[in-house]
Amino acid sequence: MIILEPSAGIKKDTKLNYDIISNLLTTLLEYNHKRKINIVAKIHKSRTPGISYCTPVKGKEFLINLDMSKNNRKYIFGSILHEIRHCIQKEVFKFWPSVSHMKTWRDYWYSKEEVDARKMEKLTTQFIKSYDSYVNMTEMFKDKKLFKVG
């Protein structure tokens, strides 16, 4: 299961339901990797403007520092997908990038881990559609009072 734990500031600024995002990520990634995935990612605001990054903390725990300089949904969802891919690289593929070996920005940009993580960002538009659909179904479920009989 993928669990996202946003800080209070992230929740307030993004106004997103991270339980739904966690459920969608878990379904998508476990189904496609055909295995259980256990990741806990705390999400905090990045203190470096224009840069989101992920660091392993301990075991299956990660810290995602999310750039909030462009507070729009597509950018935020894309950044989350990108950083979660780095978590997958470590947990599923047992690979973690060594940025210290990269001498230039070009080395970093074209490194296999960054190219791979940017591929995950290509799911952003569809992921947002799925998120919005899930939110709408949840609201309809409540409106129709389907949580109880009668």
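**Exercise 1: helix α5**

Task: find which residues of helix α5 (residues 112-121) are buried, and what covers them.

Solution. Step one: E113, E114, D116, A117, R118 and M120 are buried, meaning under 20% relative accessible area with a 1.4 Å probe, protein chains only (over 50% is exposed, in between is partly exposed). Step two: their cover includes α2 (18-33), α3 (73-91), α4 (105-109) and α6 (124-143).

Before going on: this is a predicted model, where local features need pLDDT of at least 70 and side-chain atom pairs count only at pLDDT 80 or more, while totals for chains, interfaces and linings use all residues. Numbering starts from 1 along each chain as its sequence is written, and side-chain values use heavy atoms, with hydrogens and water left out. Helices (H or I, at least four residues) and strands (E, at least two) are DSSP runs, numbered from the N terminus.

**Exercise 2: helix α6**

Task: work out where the buried residues of α6 sit around its axis.

Solution. Step one: list them, namely T124, F127, I128 and Y131. Step four: find the packing partners of the buried residues, which are α2, α3 and α5 (contact is heavy atoms within 4.5 Å).

Note on methods
The arc is that of the directions from the helix axis to the C-beta atoms.
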